[in-house]
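Please keep the structure open in your viewer and follow the stops below in order, selecting each group of residues as it is named.

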Amino acid sequence: MKKTRNKKGSIAVFLTSILATMIIVSMVFVQAASSICGASYADAVLELAGRSVLSEFDKRLKDEYGLFAFYGLEDMVASNVKTYASASFDKAYPNESLWGGGSDDGTVDLLKLKLQSAKVNMAAYSLADVDVFEKQIEEYMEFMLLEKGIDFIKDMWKKRGGKPAGALGGDDQDEQDAKSVQSEQKALMNKVEISSLPSHGNTRNGLGIFQSLASLEKFGSVGDIFKEGATAIKVDEYIMSNFKYYIGGDKARDTFFNNEVEYILFGKMNDKSNLDNLKLDFLVMRTALNENFIHTDPELQKIIIATAETLGVAGIVLETVVTSIWALAEAENDWRLLLEGRKVPLVKTNKSWALSLKSVARFKKIKNDDGEVEGVNATAKKISKCVYPPANTGLSYEGYLRIFLFIENREYKLMRVMDLIQLNLRGSYYGDFLIKDHYTGFSLEAVVSGKKFEYEQKY
């Protein structure tokens with residue numbers, strides 16, 4: 001009998017040991033499952049908190065310029081993340097019991113997660129950073145083209161009178177645009193306002209075309225040409241479709257400057273100076289192109305040679321002087337054609353050449369004491385009106401703006417776009433608006449119940 005009781009006691013101890021082991025193993029599994037579930041839950045909560053911060057983007061900036069960015073400082077954003085996340089981690093809801101009895105006990109939180117810290121870094125996401133800003137513009141243009149496709153292109157065409165700017169062929173709409181040119185020339189004089197601009201008032205003078213051409217050295221390989229060139233074209237199209245210029249653009253829009261694209265090229269603090277500098281760069285470029293045409297066209301060369309023979313002084317010096325005077329006068333006429341809404345081709349033909357040599361230059365023989373011709377004094381005549389060539393083909397004012405935008409220094413171009421957005425929103429939105437206070441994302445480092453989480457949140 002005693003022996004039987006001992007056996008029963010041994011079995012009980014054995015079963016108790018097994019049960020205890022199973023309970024411990026179950027608790028380990030429960031704890032492991034709780035840890036995994038908690039990590040997954042915390043990850044979802046923190047991700048949602050970050051997206052909630054991004055949802056606070058500046059609506060006016062997005063609606064008017066298509067850019068996603070939110071206002072904030074690092075401490076403020078970190079505080080917002082904590083507020084959003086803690087609302088999900090905190091399970092104690094007032095007047096709600098586990099059994100729905102309406103007591104103040106609160107619900108049971110099996111995960112028991114607690115947000116211990118949240119740190120935010122936004123330095124790499126500032127909208128004032130040219131790389132970040134350019135990426136926002138590129139994504140906006142890609143979105144518009146992909147989502148709206150042909151409708152977006154049609155809308156851009158409608159703004160330009162029913163056809164793409166700078167296209168070949170005549171169009172009365174361009175001349176109508178020229179007649180509706182804004183007469184008011186605005187200027188920015190406030191030094192505090194200028195110092196707050198993203199470009200810090202950085203400017204360049206006319207004849208900077210040579211510096212701009214030198215910047216094209218960035219296209220070092222075929223791959224660079226396609227990649228950086230495609231990005232530059234997207235940025236330029238963004239500029240042309242969102243900002244005013246002297247002839248064309250959306251004149252009804254309320255902006256600080258009227259010649260906005262010209263400002264992007266030169267950064268002067270008044271409309272007139274920007275237009276004057278554009279004219280100077282245009283004359284430099286067109287004079288060089290016109291000289292090249294004169295040198296390569298047999299008919300024009302015959303006129304120059306015949307003129308030299310008539311004067312009795314032939315030579316390379318006279319031909320060079322005459323060519324320069326003629327090319328510059330034609331370039332000045334080209335500018336007037338653009339301002340009247342007409343077109344000027346990059347490479348001219350006899351049908352697009354407007355001025356005769358007699359109309360642009362005056363020649364006077366220089367004689368010695370013996371009455372012999374020893375030289376010629378060649379001077380340019382003043383032409384007061386625009387002379388129309390037989391053909392009205394080539395690039396419009398808008399088309400030449402595209403050329404200058406493409407060769408403009410990338411950083412200066414993007415910073416001046418920021419200037420205009422800031423100036424316009426400060427004038428029509430709220431006076432404290434600054435590009436540098438807006439961000440396109442942030443990096444988040446959070447600790448939840450001793451476990452570290454890291455995220456990158458951006459548009």
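Helices here are DSSP runs of H or I with at least four residues, numbered from the N terminus. The model is a predicted one, and the tour begins by selecting residues 74-89, which form helix H3 and include Lys82.

Next, select helix H12 (residues 298-311) together with helix H13 (residues 316-339), whose axes come within 10 Å and cross at roughly 125°. H12 and H13 are therefore oblique to each other, and H12 passes H13 in a right-handed crossing. To see where they meet, display Leu300, Ile303, Ile304, Ile305 and Ala308 in H12 against Leu318, Glu319, Val322, Thr323 and Trp326 in H13. Sorted by class, this contact has eight nonpolar residues, one polar and one charged.

Finally, move to strand E6 (residues 441-448) and strand E7 (residues 451-458), which pair in the antiparallel sense over eight bridges. Within this pair, pick out Glu445, which stands opposite Glu454 in E7. The hairpin of E6 and E7 has two residues between the strands, and Ser449 there takes a positive phi near 50°.

How values were computed:
Residues numbered from 1 in each chain as written. Predicted model: local features only at pLDDT ≥ 70, side-chain atom pairs only at ≥ 80, totals over all residues. Heavy atoms only, no water. Axes fitted to C-alpha atoms, helices over the stretch in contact; angles between N-to-C directions. Parallel < 35°, antiparallel > 145°, perpendicular 65-115°, else oblique. Left-handed = near helix turned anticlockwise from the far one by under 90°. Contact = heavy atoms within 4.5 Å. Nonpolar A, V, L, I, M, F, W, Y, C, P; charged D, E, K, R; others polar. Pairing = 2+ DSSP bridges.
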